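Here are my notes for your first look at this model. Keep the structure open and find each residue as you read.

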Amino acid sequence: PRARARALRKPVEHMIQLGKDGTEHKKRQAEAYIFDKTLVTALFEAAPERYADRPGGYTRIVRTLRRRGDNAEMAIIELL
């Protein structure tokens, strides 16, 4: 639900910020949180050019329709 999307926003933005910095120390910090080394490598290759001009706010939470069955609030988190 929406609360999980909001909780996910902070670590995602932190990982992108680490990828933007691009030092070996930041890469090791990201690998301590994300255990897939290929994903970390892809993040550190793509993040500097994709988010170079953006100082923060790398994600957006979009509210969607409520879920059928239990009427729970739903949201999608997307990268900008």
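Which backbone nitrogen does the side chain of Glu13 reach? The points below start there. Please bear in mind that this is a predicted model.

1. **Glu13 in its helix.** The side chain of Glu13 reaches the backbone nitrogen of Tyr58, at 3.3 Å. Glu13 itself sits in helix α1. Its relative accessible area is 19%, so Glu13 is buried. The cut-off for buried is under 20%. Beyond its neighbours within four places in sequence, Glu13 is in contact with Gly57, Tyr58 and Thr59.

2. Thr59 lies in strand β1. Its side chain makes a polar contact of 2.8 Å with the side chain of Glu13. A polar contact also joins the side chains of Thr59 and Arg9, at 3.1 Å. Is Thr59 buried or exposed? Thr59 counts as buried because its relative accessibility is 5%. Leaving out residues up to four places away in sequence, Thr59 touches Arg9, Val12, Glu13, Ile77, Glu78, Leu79 and Leu80.

3. **Arg60, the next stop.** Arg60 is also found in strand β1. With 40% relative accessibility, Arg60 counts as partly exposed. Its side chain makes a polar contact with the side chain of Glu78, at 2.8 Å. Apart from neighbours within four places in sequence, Arg60 is in contact with Arg9, Ile76, Ile77, Glu78 and Leu80. Now look at Leu79. Arg60 and Leu79 are 19 residues apart along the chain, and their C-alpha atoms are separated by 6.4 Å.

4. **Asn71 and its phi.** Most residues other than glycine have a negative phi. Asn71 is not a glycine, yet its phi is positive, at about 60 degrees. Where does Asn71 lie? Asn71 is in the loop between β1 (59–64) and β2 (74–79). Its relative accessibility is 48%, so Asn71 counts as partly exposed. The limit for exposed is over 50%.

5. **α1 against α2.** Helix α1 covers residues 2–21 and helix α2 covers residues 24–33. They pack at an angle of about 150 degrees, and their axes are 8 Å apart. Angles over 145 degrees count as roughly antiparallel. That is why α1 and α2 are described as roughly antiparallel to each other. Their crossing is left-handed. On the α1 side, the contact is made by Pro11, Met15, Leu18 and Asp21. On the α2 side, Lys26, Gln29, Ala30 and Tyr33 take part. By class, this contact of α1 with α2 has five nonpolar, one polar and two charged residues.

6. **α2 against α3.** Helix α3 spans residues 37–50. The axes of α2 and α3 come within 10 Å and cross at roughly 140 degrees. α2 and α3 are therefore oblique to each other. The handedness of this crossing is right-handed. From α2, Lys26, Lys27, Ala30 and Glu31 meet Lys37, Val40, Thr41 and Phe44 of α3. How do the residues of this contact of α2 with α3 divide by class? Three are nonpolar, one is polar and four are charged.

7. **Ala30, between helices.** Ala30 is found in helix α2. It is listed in the α1 contact, and it is listed again in the α3 contact. Its own contacts, leaving aside neighbours within four places in sequence, are Met15, Leu18, Val40 and Phe44. Ala30 counts as buried because its relative accessibility is 0%. How far is Ala30 from Asn71? Their C-alpha atoms are separated by 36 Å, and the two residues are 41 apart along the chain.

8. **Glu45, for contrast.** Glu45 has its place in helix α3. Its relative accessible area is 55%, so Glu45 is exposed. Then go back to Arg60 and Leu79, 19 residues apart along the chain, with C-alpha atoms separated by 6.4 Å. Find both pairs in the structure and look at them in turn.

Terms used
Residues are numbered from 1 along each chain as its sequence is written. This is a predicted model: local features need pLDDT of at least 70, side-chain atom pairs count only at pLDDT 80 or more; totals for chains, interfaces and linings use all residues. Side-chain values use heavy atoms; hydrogens and water are left out. Axes are lines fitted to C-alpha atoms, for helices over the stretch in contact, and angles run from 0 to 180 degrees between N-to-C directions. Helices (H or I, at least four residues) and strands (E, at least two) are DSSP runs, numbered from the N terminus. Angles under 35 degrees count as roughly parallel, over 145 as roughly antiparallel, 65 to 115 as roughly perpendicular and the rest as oblique. A crossing is left-handed if the near helix is turned anticlockwise from the far one by less than a right angle, and right-handed if clockwise. Contact means heavy atoms within 4.5 Å. Ala, Val, Leu, Ile, Met, Phe, Trp, Tyr, Cys and Pro count as nonpolar, Asp, Glu, Lys and Arg as charged, and the others, Gly among them, as polar. Buried means under 20% relative accessible area, exposed over 50%, partly exposed in between (1.4 Å probe, protein chains only). A polar contact is a pair of N or O atoms within 3.5 Å; within protein, one must be able to donate a hydrogen and the other to accept it, and residues adjacent in sequence count only if both atoms are side-chain atoms.
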